[in-house]
Amino acid sequence: MDSNLENSIASITSADDNNKNLGTGFVVYKDTAAAYVLTCAHVVRELGGEGKVEVDKHPSTVLALNEAQGLDIALLKVEDLSKEPLVLSEMAQSGKRLLVSCFPSFQRHLVLFEGSLGEKIDIEQAGERISGWLLEFDDRVLTPGCSGSPVIDADTGHVIGLVSHSLNPTSGVALSVEGIEKFWRQGLKNELIEIGQTGEEHLDQLNKRLSVIEIQKAGEERLSQLEKRLAEMETQYMEEIDSKSEELLRWLSSHRVSLAQKASRYALSQEHSPKRNVITKEEEEDFCWELEKYLESLYYSLLSGDSALLSEPAIEPSLSIDLYSAAFSYIKKKIPARLGDKNRVLLDESIQYLVESLSVINSASLSVGSEDRKSSQ
């Protein structure tokens, strides 16, 4: 079992010992006051409703619930819950391998099941239509207790849906991230606004987090549009390059993920970086994800000779440009000597060009933000 899943997924039970119903939920956001957990609305109803629902045996407050209008989703607030948020992503497609980790009724500990996404569907109830996915599992799986489980992309570890109900033992229906995201955001914002000054501080943090999600979403859409063209480019250009250049590209491609992870940790550990308690775990994960995508852009730029991939990055930087400079300085030092002086200089110059482009984008964003603040005063 992936420890990250165990640290984010919780059992949903009733405070009434005579109520043996069971569900699953997962943390979608956390601040200093509480963790916020998504599950299904019918799970909350079956467990007795407000005042009766426990998350990993901790009492919870039902912040928002939508069953009548078709979403079948609930947002719970839980204090003293030592769980961490999962990352949500709208990047999903039919055939994608998936994981569902839940507390099925036949086994009261967390169990992991594997399967794949089926067709994307429209779910319509009470006049409201939302998007969802058919789920196809490798083995018999969906029993009571699985409702509210996150649907995990097996490649990225990101949440791409929420299990709603079964169709038969080996297939079911999940709400898509697009269908649930607006619901939990609005429910959480309403809660934070209601709790006063402290809530306003948390709301600022939430808005910052959501702005990063929007940056990711826009970037992922642009990257998705480039995928076909880049795949064609890769096939074409690999046939034309010399062996040393091919070795450089193979190194960059095969080490992209580990380089991003190590470079992000290095940058965040430096003295000039913002204080660690200012940057949340989610922001650290976003930073690492962005570095991985920038390294991917470097790969395709070097492969094709197209510098526009570096001058107009698909992903805008979400943190201070100093962090990206430090991260890429680390990466430069890791370029192996066996690649040859010519290729090492080429990669070094390309990295520098990318960092300069990110600096321009970062400055432009700060300038726009400053103008917006002035106009609002």
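This is a guided tour of a predicted protein model, taken one selection at a time.

**Whole chain**

Start with everything displayed. The protein has 377 residues, of which 50% are buried. Its secondary structure amounts to 10 helices and 12 strands. Among contacts with a separation of 6 or more, 67% are between residues 24 or more positions apart.

**Colour by confidence**

Colour the chain by pLDDT. The mean for the protein is 78, and 75% of the residues reach 70 or more.

Next select residues 195-200. Here pLDDT stays under 50, and the model has two contacts for this stretch beyond four places in sequence. Then select residues 366-377, where pLDDT also stays under 50. For residues 366-377 the model has zero contacts beyond four places in sequence. Where pLDDT is low, the coordinates of a prediction should not be read in detail.

**The barrel**

Show strands S1 to S6 as a cartoon. In which order do the six strands close into a barrel? The order is S1-S2-S3-S6-S5-S4, with antiparallel pairing. On average, neighbouring strands of this sheet are turned by 40° against each other, direction ignored.

Select residues 73-78, which make up strand S6; six of its six residues are buried.

S3 runs antiparallel to S6, and five bridges join them. Two of the partners can be picked out by residue. Leucine 38 has leucine 75 in S6 as its bridge partner, and threonine 39 stands opposite alanine 74.

Which residue of S6 is the bridge partner of leucine 65? The partner is alanine 74.

**The loop between S4 and S5**

Most residues other than glycine have a negative phi. Aspartate 56, in the loop between S4 and S5, has a positive phi near 50°. Lysine 57 lies in the loop between S4 and S5 as well, and its phi is positive too, at about 70°. Are these side by side residues buried or exposed? Aspartate 56 counts as partly exposed, because its relative accessibility is 23%. Lysine 57 is exposed, with a relative accessible area of 61%.

**Leucine 135**

Move to strand S9, residues 128-137, and select leucine 135 within it. Its relative accessibility is 0%, so leucine 135 counts as buried. Display its surroundings, leaving out residues up to four places away in sequence. Leucine 135 touches, among others, Leu98, Leu117, Val151, Val163 and the run Thr170, Ser171, Gly172, Val173 and Ala174. For a distance check, pick the C-alpha atoms of leucine 135 and lysine 120: they are 9.5 Å apart in space and 15 residues apart in sequence.

**Helix H7**

Select residues 281-304, helix H7. The 24 residues should span 34 Å at 1.5 Å a residue, and the end C-alpha atoms are 35 Å apart, which agrees. Of those 24 residues, 20 are buried. Just after H7, glycine 305 takes a positive phi of about 75°.

**Aromatic rings**

Finish with the side chains of Phe, Tyr and Trp. The structure holds five aromatic pairs. One of them joins tyrosine 299 and tyrosine 300, edge-to-face, with 5.0 Å centre to centre and 80° between the planes. Tyrosine 299 is buried, at a relative accessible area of 5%, and tyrosine 300 also counts as buried, at 14%. Last, select Phe287, Tyr294 and Tyr324, which form one aromatic cluster.

Terms used: Residues numbered from 1 in each chain as written. Heavy atoms only, no water. pLDDT = per-residue confidence, 0-100. Contact = heavy atoms within 4.5 Å. Helix = DSSP H or I, 4+ residues; strand = E, 2+ residues; numbered from the N terminus. Expected span 1.5 Å × (residues − 1). Buried < 20%, exposed > 50% of the residue type's maximum accessible area, 1.4 Å probe, protein only. Pairing = 2+ DSSP bridges. Phe/Tyr/Trp six-rings, centres within 6.5 Å; stacked < 30°, edge-to-face > 60°. Axes fitted to C-alpha atoms, helices over the stretch in contact; angles between N-to-C directions.
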